[in-house]
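This report goes through selected features of one structure. The sequence and the model are shown first.

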Amino acid sequence: MILVTGATGTVGRLVAERLSGTGRVRLLVRAPHRAPAPGPGTETVVGDFDDPGSLRAALTGVRSALLVTTNPLAPAQDENFVTAARAARVAHVVKLSAQAVTDPGATDLVTRWQRDNEELLRASGLPWTFLRPRAFMSNTLGWAGSVREEGVVRAPHAGSRNATVDPRDIADVAVRALTEPDRHAGHAYALTGPEALTPARQTEILAELLQRSLVFEELTLDHFLRGLLRRYPAPVARALAESAERGRHGSKTHVDPTVAELLDRPAGTYREWAAAHLDAFRA
């Protein structure tokens with residue numbers, strides 16, 4: 001039995017799709033109406049990281065688990081999961097973390113939370129694998145509304161390069177780790193795309209694929225933060241703004257070969273990702 005948490009999210013949903021029909025799979029969700037349609041051998045259970053009882057039930061009989069938590073203001077969630085996984089004698093936990101944990105200069109709230117989560121898992125005695133992606137290419141779906149309606153992309157730091165990664169590659173690596181625990185336990189994988197692009201260059205790629213003109217408007221950090229505050233609690237918004245500012249100094253440009261090495265194929269490019277999701281940006 002493989003347990004997939006975060007099954008309604010970007011990576012968890014892709015992992016669930018890839019595991020469908022391959023064996024016994026359990027999806028842990030809070031909102032069952034948003035869960036992927038269960039395939040052969042897949043079951044959906046309702047639970048919450050804040051409810052230890054639901055975690056114990058979901059982890060019963062599980063061999064490997066994908067752990068995806070998203071709320072840095074709720075540190076007990078990872079603790080609850082690890083406690084339940086130990087009690088259930090789970091043999092392997094694959095944790096979705098972040099590449100920023102390896103950067104000594106990254107001290108924002110979200111990165112500190114991810115570091116603490118990794119240390120918690122290390123200290124638990126559970127076999128683990130850490131997936132440390134750079135920013136998701138799918139984050140640019142946040143531009144889709146303004147691209148469709150105005151032909152404009154608004155983002156901070158036009159010249160800030162980031163080796164963003166295709167979430168489909170993250171999911172493919174996660175599936176390898178979940179299904180081959182003996183090979184991947186004890187490893188931390190840096191997951192990046194094949195090139196570091198600026199948001200201005202990503203805008204150009206979208207324009208080429210859409211065959212229409214797009215304008216890039218650079219946001220000041222203050223305007224960027226105000227937009228984040230409309231979507232996130234203030235501590236998280238400030239952490240995301242701090243991360244964006246750190247990227248301006250080149251901290252997110254390193255291209256790592258791990259995706260290609262693990263998957264025996266090149267990592268996906270932003271152009272490939274955008275072409276597959278172009279309908280979201282069409283007027």
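Which residues does Asp-169 touch, not counting residues up to four places away in sequence? The answer is given under the first heading.

## Asp-169 and its surroundings

The model is a predicted one. Within it, Asp-169 belongs to helix H6, which spans residues 167-179. Leaving aside residues up to four places away in sequence, Asp-169 touches Val-259, Leu-263, Arg-265, Ala-267 and Gly-268.

Asp-169 has a relative accessible area of 3%, so the residue is buried. A polar atom of the Asp-169 side chain lies 2.8 Å from the backbone nitrogen of Gly-268.

## The largest nonpolar core

The largest nonpolar core has 32 residues. The members that touch the most other members are Val-4, Val-15, Leu-19, Leu-66, Leu-131 and Ile-170. At least two residues of this core come from each of E1, helix H1 (10-19), E2, strand E5 (92-96), H6, strand E8 (188-191) and helix H11 (258-263). H6 gives the most, with 7 residues.

The contacts of Ile-170, not counting residues up to four places away in sequence, are Val-11, Leu-96, Leu-131, Pro-133, Phe-136, Val-165 and Leu-191. There is also a second, separate core of 20 residues, and Leu-59, Leu-67, Ala-85 and Leu-126 are among them.

## Helix H2

Helix H2 covers residues 52-59, and its buried residues are Ser-54, Leu-55, Ala-58 and Leu-59. These residues span an arc of only 125° around the axis, and therefore lie on the same side of H2. In general, an α-helix has 3.6 residues a turn, so residues three or four places apart point the same way.

After H2 comes Gly-61, which has a positive phi, near 85°.

## Aromatic rings and charges

The whole structure contains 4 aromatic pairs. In one of them, the ring centres of Trp-128 and Phe-130 are 4.1 Å apart and the planes are at 10°, so this pair is stacked. Both partners are buried: Trp-128 has 15% relative accessibility, and Phe-130 has 0%. Elsewhere, Tyr-270, Trp-273 and Phe-281 are linked into a cluster by ring pairs.

Charged side chains also sit over rings. The charged end of Arg-122 is over the ring of Trp-128, 5.3 Å from its centre. Lys-95 lies over the face of Trp-113, 5.9 Å from the ring centre.

Terms used
Residues are numbered from 1 along each chain as its sequence is written. This is a predicted model: local features need pLDDT of at least 70, side-chain atom pairs count only at pLDDT 80 or more; totals for chains, interfaces and linings use all residues. Side-chain values use heavy atoms; hydrogens and water are left out. Buried means under 20% relative accessible area, exposed over 50%, partly exposed in between (1.4 Å probe, protein chains only). Helices (H or I, at least four residues) and strands (E, at least two) are DSSP runs, numbered from the N terminus. The arc is that of the directions from the helix axis to the C-beta atoms. A polar contact is a pair of N or O atoms within 3.5 Å; within protein, one must be able to donate a hydrogen and the other to accept it, and residues adjacent in sequence count only if both atoms are side-chain atoms. Contact means heavy atoms within 4.5 Å. Rings of Phe, Tyr and Trp (its six-membered ring) pair if their centres lie within 6.5 Å; planes under 30 degrees apart count as stacked, over 60 as edge-to-face and the rest as tilted. A charge sits over a ring if NZ of Lys or CZ of Arg is within 6 Å of the ring centre and within 35 degrees of the ring normal. A nonpolar core is a set of buried Ala, Val, Leu, Ile, Met, Phe, Trp, Tyr and Cys residues joined through side-chain atoms within 4.5 Å.
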